[in-house]
Amino acid sequence: MITSTATLRERARAALAAVGAEPAAPAEGTGLTARTPLTGEDLFALAATGPEQAEAAVAAAHEAFGQWRAIPAPQRGELVRRLGDLLRAHQGDLADLVTIEAGKIRSEALGEIQEMIDICDFAVGLSRQLYGRTIASERPGHRLAETWHPLGVVGVISAFNFPAAVWSWNTAVALVCGDTVVWKPSELTPLISVACHTLLARAAEDVGAPAAVHQLLLGDRTVGEKLVDDPRVALVSATGSTRMGREVGPRVAARFGRSLLELGGNNAAIVAPSADLDLAVQGIVFAAAGTAGQRCTTLRRLIVHRDLTDTLVERLTAAYRKLPIGDPFDEHTLVGPLIHTGALETMRAALERARAEGGEVLAGGARVLADQAPGAAYVEPALVRMPSQTGVVREETFAPLLHVLTYDTLEEALALHNAVPQGLSSSIFTRDQQEAEVFLSAEGSDCGIANVNIGTSGAEIGGAFGGEKETGGGRESGSDAWRAYMRRATNTVNYSSRLSLAQNVSFL
């Protein structure tokens, strides 16, 4: 049974109240509507950010940057530490909002908030590790060094599918680097955004940080365009479709700003002859059907050795037919709703194209629970066997649609794997060490994420997250992704009593 809209409305209000958030009501005829994919109905309206407010927010963040960058990085880390404490205290409340607005099942919603807590822990440690280099100078009595400095205002444009975690990846790291942040979340998930902004504002007050280090903009793409085009925004970190990236990247570059793009993924897994099929089935089903297929790292192409194809397809078909689909607040549910009926129509169109291109639908694809929630989009994850990798297989369908292809040699599998425009996440299931090493080598996967014996989704914050080709090339979260949020300076110090020019140049 799907939770009623009235109950979801009250649950959302309770979660907001618990974190101290009070979304402003809109003026008559204006505003932004919070809705839930669980029923497809509206929850309530809240005020949207107008052009003048957006201008003021960027101006405030720009002014606050002058103060924030001068604070020692370990002290900046105290703000992020406090934010992490508040996230821990309100993990359940925030997870409620993620489920209500994005439709994630309970464990995935809690996992998203845990990811935010983890990146806060990472960033606090990072605040004492913003290392530069000392470099050997060719000149006697000289020291050559590299230092890193805060960059400026960071504009974060996030998507609905990870409505809080992606913001935290950027914000926690940017803040310890000495940057200020202006966030434009998806208009589909305003409530979790208000809650996160409220907690960060409380953390800033608690540690005495400038209140303007973080600003929130609620609205449609016109609000995001403010961040894209404003020269005071030093870095635009945008998560979304490749189409969006084609617009954002050139516009930011035209004003010589920096962009960090996390765009589409058409992720594949290779299943080799030596694969542990029990492990593979579990990894494949979660990667393909988890979050109702609405992750950028969702598994969309399965490249299976010909000798295993029939056996694996049979097992996957059986697993797909048993997936519990329904209310994500139900502890037994594994697949919640698509974000809206438009996503359902996109999936249906992709299935029709697959059939027209010779594909065979083996399982799923049907809409369910329409009698309980006619405005929502619950759908069976679909498994489709395709004769070749052409047409629709080369495109990202942001829904639970998995295409099955076959191969005979590892070289053929890798060629299929890499022959798509996207390059985010990838995996191989094999117990052959040589195959695994080839897959991870320069001749193997061309993606930013390459896994062995695990699916394509479920990245840890300790590693840099991002991809190549039409995925955008950006990196967020762990490793040395922090460098995108800072500027580098090369320093030469002459501590001798004479001037030596590089390359033994003689002048005067």
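**Notebook: strands, sheet, helix, cores**

I began with the hairpin of β1 and β2, which has 4 residues between the strands, and glycine 40 in its turn shows a positive phi of about 75°. I took helices (H or I, at least four residues) and strands (E, at least two) as DSSP runs, numbered from the N terminus. The model is predicted, so I noted its limits: local features need pLDDT of at least 70, side-chain atom pairs count only at pLDDT 80 or more, and totals for chains, interfaces and linings use all residues. Residues are numbered from 1 along each chain as its sequence is written, and side-chain values use heavy atoms, with hydrogens and water left out.

Threonine 33 is opposite alanine 45 of β2.

Next I looked up the open sheet. It has 7 strands in the order β12-β15-β16-β11-β10-β18-β19, with mixed pairing; I count two strands as paired if DSSP finds at least two bridges between them. Its edge strands, β12 and β19 (449-452), each pair on one side only. Strand β10 (residues 267-271) runs parallel to β11 and is joined to β11 by 5 bridges. Isoleucine 270 has isoleucine 303 in β11 as its bridge partner. Helix α11 (residues 306-321) packs on the sheet, touching β10, β11, β12, β15 and β16, and its direction makes about 140° with that of β11. Contact here is heavy atoms within 4.5 Å. Axes are lines fitted to C-alpha atoms, for helices over the stretch in contact, and angles run from 0 to 180 degrees between N-to-C directions.

I then checked threonine 297, which lies in the loop between α10 (277-289) and β11 (299-305). Threonine 297 counts as buried because its relative accessibility is 6%. Buried means under 20% relative accessible area, exposed over 50%, partly exposed in between (1.4 Å probe, protein chains only). Among the residues threonine 297 touches are Asn267, Leu424 and Phe465.

Last, I looked at the cores. A nonpolar core is a set of buried Ala, Val, Leu, Ile, Met, Phe, Trp, Tyr and Cys residues joined through side-chain atoms within 4.5 Å. The largest has 80 residues, and Leu79 and Leu191 have the most contacts inside it. Helix α6 (residues 165-177) gives this core its largest share, 10 residues. I listed contacts of leucine 79, including Trp68, Leu175 and Val213. A second, separate core of 59 residues includes Ala275, Ala287, Val304 and Val404.

Conventions
Lists of a residue's contacts leave out its neighbours within four places in sequence.
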